[in-house]
Amino acid sequence: MPREAWNIHEQANVLYTAFPSNQFFLMQDHVAWVSLEPLDEDRTRVRLATLAPAVEITPDNADHGKRNHGITMMSLGKDFDINEAVQAGIQDGIDR
């Protein structure tokens, strides 16, 4: 397909990171906002919000947004578990 016909948004989810600790995960019909707040050297508060255009939220599709949020929570939760294990492994190797 010619380059001018490419539409990355139809083929991929795009992740923007806003320093220092906010990420915006762009999906086809919504955005997942992940806020990471360091609390201590080994603790971080993670907040996840799902954003969708208000005009697209109707009584007929209200459950769609809730399902999307649940899928995002499950998917990112697995990533956070992996990252936590990696961080713990790094901490074990640090001399204190």
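User: What makes T50 the partner of A32, and how are the strands around them paired?

Analyst: In this predicted model, A32 has T50 in β4 as its bridge partner. The pairing of β3 with β4 is antiparallel and extends over nine bridges, and since two strands count as paired when at least two bridges are found between them, β3 and β4 meet the criterion. The two strands are also connected as a hairpin, with two residues joining β3 to β4.

User: What makes β1 and β2 a pair?

Analyst: The reasoning is repeated here: β1 and β2 are linked by five bridges in the antiparallel sense, and the cut-off is at least two, so the two strands pair. T17 stands opposite Q23 in β2, while Q23 in turn stands opposite V34 in β3. The hairpin of β1 and β2 has three residues between the strands.

User: Why are β1 and β4 described as standing at the edges?

Analyst: The four strands form an open sheet in the order β1-β2-β3-β4, with antiparallel pairing. Within that order β1 (14–18) and β4 (43–51) each have a single partner strand, so one side of each is left without a neighbour in the sheet. From one strand to the next the twist averages 20°.

User: Which helix packs on the sheet, and which strands does that helix touch?

Analyst: Helix α2, residues 62–92, packs on the sheet and touches β3 and β4, and the direction of α2 makes about 155° with that of β4.

User: Does the label buried or the label exposed apply to N68, and why?

Analyst: N68 also lies in helix α2. The relative accessible area of N68 is 14%, and because the limit for buried is under 20%, N68 is classed as buried. With neighbours within four places in sequence left aside, N68 is in contact with D29 and H30, and H30 is also one of the contacts of T72.

User: Why is the pair R45 and E37 called a salt bridge?

Analyst: The closest N and O atoms of R45 and E37 are 3.0 Å apart, and because the rule asks for a side-chain nitrogen of Lys or Arg within 4 Å of a carboxyl oxygen of Asp or Glu, the pair qualifies. By this rule the count comes to one salt bridge. As for accessibility, R45 stands at 35% and E37 at 33%; partly exposed covers the range between buried, under 20%, and exposed, over 50%, so R45 is partly exposed and E37 is partly exposed as well.

User: Why does R47 count as partly exposed, and what does R47 touch?

Analyst: R47 has its place in strand β4, with a relative accessibility of 49%; exposed requires over 50% and buried under 20%, so R47 counts as partly exposed. Apart from neighbours within four places in sequence, R47 is in contact with W33, V34, S35 and E37.

User: Which residues and elements line the largest pocket, and what is its volume?

Analyst: The largest pocket has a volume of about 630 Å³ and a lining of 18 residues, of which T44, V46, F80, N83 and E84 lie nearest its centre. At least two lining residues come from each of β2, β3, β4 and α2, and α2 gives the largest share, eight residues.

Definitions and conventions
Residues numbered from 1 in each chain as written. Predicted model: local features only at pLDDT ≥ 70, side-chain atom pairs only at ≥ 80, totals over all residues. Heavy atoms only, no water. Axes fitted to C-alpha atoms, helices over the stretch in contact; angles between N-to-C directions. Contact = heavy atoms within 4.5 Å. Buried < 20%, exposed > 50% of the residue type's maximum accessible area, 1.4 Å probe, protein only. 1 Å grid on protein atoms, 1.4 Å probe; cavity = no way out; pocket = protein on both sides within 12 Å on 5 of 7 lines; lining within 4 Å. Points joined across faces, edges and corners; volume = space filled by probe spheres on them.
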